[in-house]
Amino acid sequence: MGTVNYRNAITAFIDRQEPDTPITTQMIVDHVVFQTGIDDDDVRKAVNVNMGRIEKQGLVRRVTRGVYCKQVKTAFGAYSAGNETLFCKLLTRDGDKVIGYETGASAFNRMGLTTQMPQRICIATNAYTRLQPEGVDVEVRKPVTEVTKANCRYLQLLDIINDIDRYPVDAPSPAEIIRGLVRDYNLDINKLLVYCRKFYHEGLLGKTVDIVLGGTTI
């Protein structure tokens, strides 16, 4: 095997990323290991050295330790996504894996249940222990169970129903909005009730049945 040009391998990976996609050192290491078959430890050392140089050249911006984002040159200077946007993506995605979802007051606003704008986004995530970058203020919650692509929409909806009396709801038909989400997300009602019974308090099951099956208008 010839000498590996680590910089070319790393920059080729970075070029394929979107500016609002967080790029972790681990993502780059995994890519180079897959491309070259070289030992993980050797690749990691080379990546760490090269990322410092690539950052100085302005191709990426360091968000926090081990996390970068692509910088794009525009007519107005270099552009990169804000740290809060990048951090929220780190909390909700790990490569192709779903590890979190928006919840709390910000989810109520995004889903049209309230017109009030919360001061910060709330994320329930498997990565609830991740340190926030300086200047970022995101409310982070530990989920009731490990979040996956298969269950995230179910947990998100159950969080909404569980918190319905916690936040000011000013939508004219909140129960219909929730039923609309069930349809939009193509949720299996039986599975929704199983998750409710398994992971939430006993009193939520009856409320969920009433709302989802049309027994109440909230």
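Trainee: How do you know that the length of helix H3, residues 40–56, agrees with what a helix should span?

Mentor: Let's work it out, remembering that this is a predicted model. The expected span is 1.5 Å times one less than the number of residues. For the 17 residues of H3 that gives 24 Å, and the end C-alpha atoms are 24 Å apart, so the two values agree.

Trainee: Which residues of H3 are buried, and what covers them?

Mentor: The buried ones are Val43, Ala46, Val47, Asn50, Met51 and Ile54. Their cover includes helix H1 (6–15) and helix H2 (25–36), together with strand E2 (60–64) and strand E3 (67–70).

Trainee: Why is threonine 208 called buried?

Mentor: The cut-off for buried is under 20% relative accessible area. Threonine 208 has 0% relative accessibility, so it counts as buried. This residue sits in helix H9, and its side chain reaches the backbone oxygen of leucine 204 at 2.8 Å. Beyond residues up to four places away in sequence, threonine 208 touches Leu158, Ile161, Leu192, Leu193, Cys196 and Leu213.

Trainee: And asparagine 186, does that count as buried or exposed?

Mentor: Here the cut-off for exposed is over 50%. At 66% relative accessibility, asparagine 186 is therefore exposed. You can find asparagine 186 in the loop between H7 and H8. Its phi is positive, near 55°, although the residue is not a glycine.

Trainee: What makes tyrosine 154 and tyrosine 195 an aromatic pair, and is that pair stacked, edge-to-face or tilted?

Mentor: A pair of aromatic rings is described by two values, the distance of the centres and the angle of the planes. Ring centres must lie within 6.5 Å, and these two are 5.3 Å apart, centre to centre. Planes under 30 degrees apart would be stacked and over 60 edge-to-face. The angle here is 55°, so the pair is called tilted. Because tyrosine 154 is in helix H6 and tyrosine 195 in helix H8, the pair ties together parts 41 residues apart in sequence. Both tyrosines are buried, and ring pairs link Tyr154, Tyr195 and Phe199 into a cluster.

Trainee: What makes arginine 153 count as lying over the face of tyrosine 185?

Mentor: For distance, CZ of Arg has to be within 6 Å of the ring centre. Arginine 153 is at 4.1 Å from the centre of the tyrosine 185 ring.

Trainee: Which residues touch the most other members in the largest nonpolar core?

Mentor: In this core of 29 residues, they are Tyr101, Leu157, Ile160, Ile161 and Ile178. Helices H5, H6, H7, H8 and H9 each supply at least two residues of the core, and H6 gives the largest share, seven residues. Take leucine 157: leaving aside neighbours within four places in sequence, leucine 157 is in contact with Ile178, Leu181, Val182, Leu187 and Leu192. Another core lies apart from this one and has 17 residues, including Ile14, Ile23, Val29 and Val60.

Terms used
Residues numbered from 1 in each chain as written. Predicted model: local features only at pLDDT ≥ 70, side-chain atom pairs only at ≥ 80, totals over all residues. Heavy atoms only, no water. Core = buried A, V, L, I, M, F, W, Y, C linked by side-chain atoms within 4.5 Å. Buried < 20%, exposed > 50% of the residue type's maximum accessible area, 1.4 Å probe, protein only. Helix = DSSP H or I, 4+ residues; strand = E, 2+ residues; numbered from the N terminus. Contact = heavy atoms within 4.5 Å. Phe/Tyr/Trp six-rings, centres within 6.5 Å; stacked < 30°, edge-to-face > 60°. Lys NZ or Arg CZ within 6 Å of the ring centre and 35° of its normal. Polar contact = N/O pair within 3.5 Å; in protein donor to acceptor, adjacent residues only side chain to side chain.
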